[in-house]
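Trainee: I've got a model open and I'd like to go through it with you. Can we take it step by step?

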Amino acid sequence: ARAIYEEVLRLDPFHPGALYNLALLSEPEQALTLASRLLAVERRVPRGHLLRAKLWSDPARPDEMRLDAALAEVRLARELNREETGSVILEGRILLLMGKTEEAAERFEKVRQNPRAAALGALACFRAGQPERALKLLEQRATVAPTGVTEEGDTGKRRMGEQDVLARLL
């Protein structure tokens with residue numbers, strides 16, 4: 001796939017799909033460069049902003065983290081597409097990393113139908129010193145029928161029902 005995207009970019013250096021997909025396959029520094037090129041072409045499309053937010057908030061790269069910039073990017077992506085729950089979850093994760101547990105919990109509660117959001121929301125509530133709220137969030141999620149909800153970027157292979165999340169928490 002990499003060779004195909006590179007060939008597309010050789011023919012059209014600003015092909016949005018090739019820029020985005022090649023960025024997903026690339027190391028973080030190259031991915032950031034490609035995301036910037038993508039945003040030069042598609043300023044009003046959320047995926048470039050979400051990609052930069054993910055890269056700038058990756059705990060595996062603590063020296064490269066730019067949490068304020070990541071938060072600004074994810075909020076812009078949310079403004080551009082209010083229907084996408086992946087951006088709400090990413091915003092909550094960034095807020096957790098910033099130590100803003102109450103704000104993070106509020107974001108996760110907005111999309112608690114997503115198993116990962118429910119689990120992260122419970123974590124945020126516990127960190128905020130609100131164990132009852134955390135338990136309520138998990139109990140609410142446990143009563144929702146299985147949906148196989150996926151997050152942005154999921155391929156279908158990583159689908160999770162609430163049984164998977166609850167099993168991981170127990």
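Mentor: One term before we start: a contact means heavy atoms within 4.5 Å. This is a predicted model, where local features need pLDDT of at least 70 and side-chain atom pairs count only at pLDDT 80 or more, while totals for chains, interfaces and linings use all residues. Residues are numbered from 1 along each chain as its sequence is written, and side-chain values use heavy atoms, with hydrogens and water left out.

Trainee: What share of the contacts with a separation of 6 or more comes from residues 24 or more positions apart?

Mentor: Take the contacts in the protein chain whose partners have a separation of 6 or more.

Trainee: How many helices and how many strands does the protein chain have?

Mentor: Both come from DSSP runs, numbered from the N terminus: helices are H or I with at least four residues, strands are E with at least two. Along the sequence the pattern reads α-α-α-α-α-α-α-α-α-α. The count is zero strands and 10 helices.

Trainee: What percentage of the residues counts as buried?

Mentor: Buried means under 20% relative accessible area, exposed means over 50%, and partly exposed is in between (1.4 Å probe, protein chains only). The protein chain has 170 residues, and the buried part is 42%.

Trainee: Which helices do the buried residues of α4 pack against?

Mentor: Helix α4 covers residues 46-56, and nine of its 11 residues are buried, so it is largely enclosed by the rest of the structure. Among the buried ones are Leu50, Leu51 and Trp56. Their packing partners are α2 (16-25), α3 (28-41), α5 and α6 (85-97).

Trainee: And His49, which residues does it contact beyond its neighbours within four places in sequence?

Mentor: His49 sits in helix α4. At 0% relative accessibility, His49 counts as buried. Leaving those sequence neighbours aside, His49 is in contact with Leu39, Arg43, Glu73, Leu76, Ala77 and Leu80.

Trainee: Is Arg78 buried or exposed, and which side chain does its own side chain make a polar contact with?

Mentor: Arg78 belongs to helix α5 (residues 67-80), and with 13% relative accessibility it counts as buried. A polar contact is a pair of N or O atoms within 3.5 Å; within protein, one must be able to donate a hydrogen and the other to accept it, and residues adjacent in sequence count only if both atoms are side-chain atoms. Not counting residues up to four places away in sequence, Arg78 touches Ser87, Val88, Glu91, Arg107 and Lys110. The polar contact, at 2.4 Å, is with the side chain of Glu91.

Trainee: Lys110 was in that list. How is it classed by accessible area?

Mentor: Lys110 lies in helix α7. Its C-alpha atom is separated by 8.9 Å from that of Thr85, 25 residues apart along the chain. With a relative accessible area of 56%, Lys110 is exposed.

Trainee: Now α8: which residue caps its N-terminal end?

Mentor: Helix α8 (residues 115-127) has 13 residues and reaches 19 Å from first C-alpha to last, close to the 18 Å expected at 1.5 Å a residue; that expected span is 1.5 Å times one less than the number of residues. After α8 comes Gly129, with a positive phi near 75°. At the N-terminal end, a side-chain oxygen lies 2.9 Å from the backbone nitrogen of Arg116, and the capping residue is Asn114.

Trainee: How are α7 and α8 oriented to each other?

Mentor: Axes are lines fitted to C-alpha atoms, for helices over the stretch in contact, and angles run from 0 to 180 degrees between N-to-C directions. Helix α7 (residues 101-110) and α8 pack at about 155°, with axes 8 Å apart. Angles under 35 degrees count as roughly parallel, over 145 as roughly antiparallel, 65 to 115 as roughly perpendicular and the rest as oblique. The pair is therefore roughly antiparallel.

Trainee: At what angle do α8 and α9 cross?

Mentor: The α9 helix spans residues 131-142, and its axis comes within 7 Å of that of α8. The contact includes Ala118 and Ala122 of α8 and Ala134 and Leu137 of α9. The crossing angle is roughly 170°.
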